[in-house]
Amino acid sequence: MQRKTVRVRRVRRVRGVLPAIAMLTALAAGLTACTDGDGSGTTIDAKAGANAGTGAQPGKYRSLPMPCKAADAKKVKAMLPAPDALAPEARDALYAGVADASYDADRRVGCRWTAQTPTETRLLSVGFERVVSYDRATTSDDDKARQVYGRQLTAANLPAPAPSASPSPNPTPSGSGTPAPGAPTPGAPTPSTGASGSPSPAPELGSRVLEGLGNEAFLDDKLAAAGASAAQARTVRIVFRTSNVIVTVEYSVQPALPGTVPPSGETQDRARQLAQALVERFNE
């Protein structure tokens, strides 16, 4: 009788454990259902899954390069000839440039150079602005950058280019249908030789929209009095957009001799070459 009682008690204990095991099994199944399919244990957010892919895409660029180093050194030296008597340390400092003060180096940065000779002063600046949209639900970073670029184009009194129906079947080697700076525009009179045998001044190349430079670009060319002298200072500003970054190149030639006017073709050509090098820098 005593052995039989012990066996009954053991059976009751085993039967009491079974409900607890069943509860643990159900709990484990519930936890498995809350994890992802690969068993990694990452919790799936139902709201994130529902909203995935519905917002505007971020821009291509998440940061900006250092502008003083991003500018092509050889082109900078060609744009800013230094006096021969300049000491090596001063020459190095001239071509190193001076960075603009910036409170957010991932949003806006710039660099400036100044070269002065007895006959002229040349100024060069490069600026990068990374545009970010704060309304990702409806506007992407690229769309916001287009708006910023469009406002600058309007401020330069230049019309927006008409959208082309189809790409040109025979593009020019430079990828642009715009005449190269320094070359006469179609329909414009070519430089002629005067009675004295000296060629007439090259035609002025004014402000215009550029093709083949980033996603969209324009050039703003202005003449102004160079200080108190009668000389004319020429300032060429090129603005182009590459994805969600706006790049500005500004090149100014200020002669010291009265009556001197810097040629538009040469000044524009140097600025555009530097801008093209910056496009390639961003595409690396």
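In this predicted model, the count of aromatic pairs comes to three. Ring pairs link Y61, F128 and F282 into a cluster.

**Aromatic cluster**

- A pair of aromatic rings is described by two quantities, the distance of the centres and the angle of the planes.
- The ring centres of Y61 and F282 are 5.4 Å apart and the planes stand at 80 degrees, so this pair is edge-to-face; the cut-off for that label is an angle over 60 degrees.
- Y61 lies in the loop between α2 (46–51) and α3, while F282 lies in helix α7 (residues 264–282), so the pair ties together parts that are 221 residues apart in sequence.
- Y61 counts as buried, at 10% relative accessibility.
- F282 is buried too, with a relative accessible area of 6%.
- F282 also pairs with F128: the centres of these rings are 5.2 Å apart and the planes are at 85 degrees, so this pair is edge-to-face.
- F128 belongs to strand β3 (residues 120–130) and F282 to helix α7, and the pair links these distant parts of the chain, 154 residues apart.
- F128 is buried, and its relative accessible area is 1%.

**Disulfide**

- The model has one disulfide, which joins C68 to C111 with an S to S distance of 2.0 Å.
- C68 is in helix α3 (residues 67–70) and C111 is in strand β2 (residues 108–116), so the bond ties together parts that are 43 residues apart in sequence.
- The torsion about the S-S bond of C68 and C111 is about 100 degrees, so the disulfide is right-handed.
- C111 has a relative accessible area of 0% and is buried; the label applies because this value is under 20%.

**Paired strands**

- Strand β4 (residues 208–210) pairs with strand β5 (residues 216–225) in the antiparallel sense, over three bridges.
- In this pairing, L210 stands opposite A217 in β5.
- β4 and β5 form a hairpin with five residues between them. In the turn, G212 has a positive phi of about 75 degrees.
- β5 is also joined to strand β6 (residues 232–242), by ten bridges, and these two strands run antiparallel.

**A loop residue**

- A160 lies in the loop between α6 (141–155) and β4.
- Is A160 buried or exposed? At 61% relative accessibility, A160 counts as exposed, because the cut-off for that label is over 50%.
- A160 and G150 are ten residues apart in sequence, and their C-alpha atoms are 7.7 Å apart in space.

**Confidence of the prediction**

- The chain has an average pLDDT of 76, and 64% of the residues score at least 70.
- For residues 30–52 the pLDDT is below 50, and this stretch has eight contacts in the model beyond near neighbours in sequence.
- Residues 166–199 also have a pLDDT under 50, and the model gives them 37 contacts beyond four places in sequence.
- Where pLDDT is low, the predicted coordinates should not be read in detail.

Notes
Residues are numbered from 1 along each chain as its sequence is written. This is a predicted model: local features need pLDDT of at least 70, side-chain atom pairs count only at pLDDT 80 or more; totals for chains, interfaces and linings use all residues. Side-chain values use heavy atoms; hydrogens and water are left out. A disulfide is a pair of cysteine sulfur atoms within 2.5 Å. Helices (H or I, at least four residues) and strands (E, at least two) are DSSP runs, numbered from the N terminus. Buried means under 20% relative accessible area, exposed over 50%, partly exposed in between (1.4 Å probe, protein chains only). Rings of Phe, Tyr and Trp (its six-membered ring) pair if their centres lie within 6.5 Å; planes under 30 degrees apart count as stacked, over 60 as edge-to-face and the rest as tilted. Two strands pair if DSSP finds at least two bridges between them. pLDDT is the predictor's confidence in each residue, from 0 to 100. Contact means heavy atoms within 4.5 Å.
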